[in-house]
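Me: I am new to this structure and would like to learn how to read its features. Could you take me through them one at a time?

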Amino acid sequence: MTNRTSLPDTCEQAKSGRRKAKTSSLFEKQLVTGALRRSAVMLDPRSMAKNPVMFVTEAGAVLTTLIAAGNAFTGKGNLTYTVAVALILWLTVLFSNFAEALAEARGKAQTDSLKRTRRNTVARKVTNGREESVNSDELQEGDRVVVLAGEIIPGDGEIVEGAAMVDESAITGESAPVVREAGGDRSGVVGGTRVISDRIVIRISVSAGNTFLDRMIALVEGAVRQKTPNELALTVTLAGLTLAFLLVTGSLWPIGKYFGMTLPVPTLVALLVCLIPTTIGALLAAIGLAGMDRALSANVLAKSGKAVELAGDIDTLLLDKTGTITIGNRQASDYFPLPGIGLDRLARIAMEASSGDQTPEGKSIVALAEKMLAVKPSLESEGKTVPFSAQSRMSGIDFPDGRSFRKGAPDTLIRYCEKQGGTVPATLQELVNEVARKGMTPIVVADGPEPLGVVALADILKPGIADRFSRLRAMGLRIVMVTGDNPLTAAAIARDAGVDDYIAEARPEDKLQYIRKEQEQGRLIAMMGDGTNDAPALAQADIGVAMNSGTQAAKEAGNMVDLDSDPTKLIEIIEIGKQLLMTRGALTTFSIANDIAKYFAIIPAMFVLAIPGLGVLNIMRLASPESAILSSLIFNAIIIPLLIPVAIRGVRYRPMGADTMLRKNLLIYGVGGVVAPFIGIKLIDMALALTGLV
Amino acid sequence: MAPLLLLTLIVPALLSWPLGKVMAHLIEPGGTSRYGRRTSELFCRTGGDALTGEQDWKQYLVSMLVFNMMMFAFVTTVLALQQSLPLNPDGKGPLEASLIFNTAASFVTNTNLQHYSGEAAMSYFSQLAGLMWLQFVSAATGIACLAALARALGGRSSVGNFYIDLLRAAFFILLPLALLLALILIAGGVPMTFEGAAVARTLEGATQTMARGPVAAMVAIKQLGTNGGGYFGPNSTHPFENPSFYTNIVECMSIVLIPMAAVWMFGRITGRMRDASVIFSVMMILLLVKAAAAFWLESAPAAALWGLPVEAAPNLEGKELRFGAGAGALWAALTTATSNGSVNCMHDSLNPLTGLVPLAGMWINVVFGGVGVGIINLFIFIIIGVFICGMMVGRTPEYFGRKVETGEMRLALLALLVHPLLILGGTALFAATPAGAATVLNSGAHGFTEILYEFTSAAANNGSGFEGLGDNTVAWNIATGVVMLLARYIPIILPLAIAGSLASKKPVPETSGTLRTDTPLFGLIILGSVIFIGALLFLPVAVLGPLAEHLSAASH
């Protein structure tokens with residue numbers, strides 16, 4: 001399937017596959033059958049050993065099965081009951097495996113479409129100026145390949161020559177093609193995407209099999225999944241609790257001897273399994289996998305599960321103003337000429353000076369001038385344009401006759417004028433400040449050494465952004481706006497958007513410095529970036545999200561890549577991280593809270609024969625001792641699949657303060673966890689009594 | 001009488017505030033009086049730098065263990081040689097080896113479980129230089145370790161110097177208070193003499209020997225330092241240890257005074273008084289519930305009297321009538337809330353459900369608890385509560401601005417396991433074998449409770465006896481001796497290790513997204529953790545012991 005004609009189809013397939021994975025219901029038939037098969041394979045004790053809670057459950061199941069076999073052989077003991085206990089125990093283990101397998105399968109469904117984009121293509125490798133055809137999986141780091149319009153990009157890399165429209169829908173799901181070009185911050189391309197126009201030369205940056213996609217797929221599929229720090233701490237906690245309950249139930253057998261009772265081992269195993277936190281133990285792996293899966297659904301590739309989890313701890317968010325806080329690009333909204341300068345002259349010079357500036361801002365200056373000037377002026381063509389750059393922070397045009405027009409940031413332009421020998425009137429600074437105070441960006445226009453006036457670029461806040469920020473602040477996040485604007489403009493926009501702090505006239509090194517300063521105070525920082533000069537800051541930040549459109553350096557430096565290159569994605573990532581931890585906490589609380597009801601069911605059932613007075617404790621009025629124990633055990637097993645949706649989708653999350661959130665979750669999962677099993681066990685007991693088996 | 005009993009809770013609660021301030025002032029370097037400075041200087045000159053330099057938590061623990069081992073060896077020697085040592089007017093003979101081990105372990109661990117009767121077995125020298133000395137330094141060890149924990153949680157990498165802390169706690173805090181209390185007790189009629197037993201001729205012409213001795217000195221520190229080891233076998237039921245209704249109230253208040261003040265000391269050293277208030281409130285609520293439950297349950301007559309015309313009376317079996325049934329129940333609640341272990345009534349004779357109150361107190365062992373170590377015990381529950389509930393706010397759990405991670409949880413769970421392991425493991429072993437089953441004086445559930453209580457008391461470093469148990473056997477002496485030692489030092493070492501590990505982390509600034517630990521909501525979480533964990537670990541044995549006894553009596 002490597003011929004070019006079939007390409008559009010597979011792309012479509014891949015895309016629809018991803019969409020389907022995103023919207024599919026939790027228990028889709030295909031996923032479930034696969035997961036069921038896998039849950040049986042996972043019964044291997046070697047794979048169970050990494051989960052102490054379920055390992056103990058499996059050991060209990062084996063023990064009970066052996067006793068059942070013994071009972072069948074000798075004809076002694078209550079065979080039906082022992083077999084029932086053994087069956088439910090095996091079911092408990094299988095449910096746990098199923099939860100993990102299902103979460104894995106969902107991750108696989110997501111990655112399958114990604115994998116499809118990775119499949120072999122023929123690459124035109126360039127060696128010493130000669131093209132030769134090689135298989136894409138033979139490409140090595142540093143190889144150069146040519147990709148023509150209509151072809152698939154054979155591997156991750158950076159454009160070293162040319163520019164092209166690239167269809168990245170296979171990985172992002174976004175149908176509009178994007179521009180990728182050599183040099184600058186949009187040079188990165190991902191293997192599996194398709195070039196629509198033009199010809200580019202790519203330097204392959206990662207050897208086949210080790211691409212970003214490969215790593216992500218391995219991560220989501222659980223192949224290289226390591227336990228995250230919090231997951232590890234929780235596993236230790238659960239193992240400790242399991243040991244404690246092993247002690248509690250283990251001591252009951254000799255104590256029973258004192259009372260002249262020989263407690264049946266299956267009953268003790270049943271009590272043990274009911275008490276140890278099987279619910280969270282069974283769902284823990286699924287929660288982690290689902291967190292990675294949710295990140296992937298948001299089109300974020302994380303380099304490790306640890307990064308996703310860490311996102312929940314973020315204290316400070318560094319957000320770029322443009323595209324995140326304000327809509328896209330600034331638009332020229334007004335001209336403010338200095339006293340004695342005509343509006344027409346200012347507009348005309350500004351237009352000329354912007355002719356070399358292909359940024360949307362530059363274009364908007366030209367557009368505004370065209371609108372304002374009655375006669376559409378014709379641009380003088382013999383001038384040599386001085387393009388805008390982040391370092392010079394100005395653009396302009398030089399004519400052969402010595403005239404030169406400039407427009408740019410006030411401080412650089414003022415310095416420029418002074419260097420040219422011009423005088424800068426005090427009114428210019430006032431004008432600049434006045435514009436800035438209104439929250440607009442002042443751009444100074446100069447004709448040679450003579451400043452003419454100011455063009456105001458207006459920013460438009462994204463609708464609802466202030467509201468969103470106030471909710472983030474309620475969660476304890478500090479939001480810092482990063483902008484190239486001057487401090488006055490930045491302050492005005494910061495005020496309107498409701499951010500906590502801003503970095504004005506920011507250069508990449510300012511970001512790095514700010515991050516270091518915050519980290520010294522113990523804060524965790526998240527930021528997003530795309531350019532090569534963002535790389536140090538991305539590496540320094542605790543969560544560095546690189547845009548997929550960004551350079552390879554940026555992508556390597558960050559610990560996540562956003563396929564959509566959407567600057568607001570940071571907020572979503574933080575929510576995924578928080579939800580991950582909350583789900584773990586909530587299900588742990590629920591699991592432990594359940595134990596009270598199980599005690600009330602099992603303890604009277606265990607001892608009522610020896611100590612008849614204990615019948616009073618059977619407050620649920622369960623039908624018989626056997627039915628009480630089996631009902632608790634069935635509830636304990638059945639709650640696992642019932643909670644799979646919570647584990648995989650995560651507990652409901654809305655941004656709010658820690659106290660409110662804790663109160664709400666304690667009420668639902670703590671108090672609910674105490675009450676629910678009383679009802680559940682009673683219902684199961686009634687059903688068992690109806691069947692007449694116990 | 002009930003209001004007067006309530007007063008015995010309110011007065012120490014009020015006094016604890018200023019005392020906590022004074023204690024923090026005395027134990028913190030540079031905060032001592034002139035008398036304190038001079039004594040410290042003298043100590044430094046004799047001890048040299050090795051004994052007085054700043055220590056990290058590991059060095060601190062090593063010093064603590066070395067000092068306690070030395071004390072153990074010293075008192076073992078004193079007890080073993082008491083027949084040839086001075087201050088033995090009544091000519092007390094040698095002690096049995098396993099009893100010496102048990103007694104030395106018992107007093108060095110602040111437990112004061114007594115498998116002997118002081119008036120019959122101990123010389124004055126053993127009582128004073130051996131046992132009373134340990135009552136001071138074991139309590140001081142607890143206060144010192146709490147100060148170290150508080151310093152580590154406050155973020156200091158150096159947690160002070162154990163020897164200096166011990167000196168300050170023993171001589172500046174405990175000694176003046178004990179002196180004051182002893183004087184009050186002497187005024188109340190408690191004897192203080194080095195003369196031998198008094199011999200009297202009764203009206204009937206019989207000869208009666210009345211044991212006496214330096215009683216007031218020992219009773220004072222036994223009450224204040226959550227020791228509980230009485231001068232006489234019957235402890236504070238004995239008229240020479242606790243002569244009247246009024247000495248009873250004073251002794252009762254002394255049980256909780258320092259444990260309460262220790263909470264405020266913790267708050268002041270960590271600089272988190274709001275957190276201390278939450279902890280104090282949680283402990284106070286638990287104490288009130290315990291005291292009220294004991295008082296109410298004991299106001300019912302004993303089961304043997306049910307249905308008889310005298311039924312209206314409260315349970316007076318095993319009570320000192322000069323104190324009354326209510327005072328006995330209250331003391332039982334207080335002495336097992338803290339790890340004191342002195343008694344003023346027979347716990348064996350409490351109604352079965354009342355008997356559950358002291359047991360539950362020792363199972364959780366955090367209701368003010370032993371001097372210093374009560375809060376150290378609660379710290380484990382707090383860490384576990386913080387970890388599980390902290391996740392529910394969507395962040396890696398933090399305590400006092402430090403992240404709680406795998407290392408801390410591993411230690412916390414180990415610390416949590418020690419208590420049930422010693423109690424349930426010990427009980428199971430002794431209940432199933434003649435070592436325990438043959439020593440109980442009652443059969444069935446009550447006998448089981450007698451075994452359970454003995455291990456609980458040893459593991460909680462409480463020292464009160466349920467009695468009804470022939471416990472001066474080699475098996476009991478060795479088993480409870482080992483339990484007391486393990487239950488004392490592991491739950492000090494592990495929490496201090498956790499605090500040390502937290503202190504080495506970078507502090508995280510608190511935001512509105514942080515789980516706050518100084519709110520009523522967090523108080524509820526601590527309360528929930530304590531009750532839940534306590535209940536889950538000990539519910540089965542509670543059902544088999546006291547509850548089964550009560551229900552069996554009720555069903556007859």
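**Reading the fold and the chain contact**

Reply: In chain A, 69% of the contacts with a separation of 6 or more join residues 24 or more positions apart, where a contact means that two C-beta atoms, placed from the backbone, lie within 7 Å. This is a predicted model, in which local features need pLDDT of at least 70, side-chain atom pairs count only at pLDDT 80 or more, and totals for chains, interfaces and linings use all residues. Residues are numbered from 1 along each chain as its sequence is written, while chains are lettered from A and ligands numbered from 1 in the order in which they are written.

Me: How many helices and strands are there in chain A?

Reply: Helices (H or I, at least four residues) and strands (E, at least two) are DSSP runs, numbered from the N terminus, and chain A has 24 helices and 22 strands.

Me: What span should helix H4 of chain A have?

Reply: The expected span is 1.5 Å times one less than the number of residues, so the 23 residues of H4(A), 52-74, should span 33 Å, which agrees with end C-alpha atoms that are 33 Å apart. Just after H4(A), Gly75(A) takes a positive phi of about 80°.

Me: Which elements of chain A give two or more residues to the side that touches chain B?

Reply: The contact takes 55 residues from chain A and 51 residues from chain B. On the side of chain A, those elements are the helices H8 (229-258), H21 (569-593), H22 (595-607) and H24 (658-691), and H8(A) gives the largest share, 17 residues.
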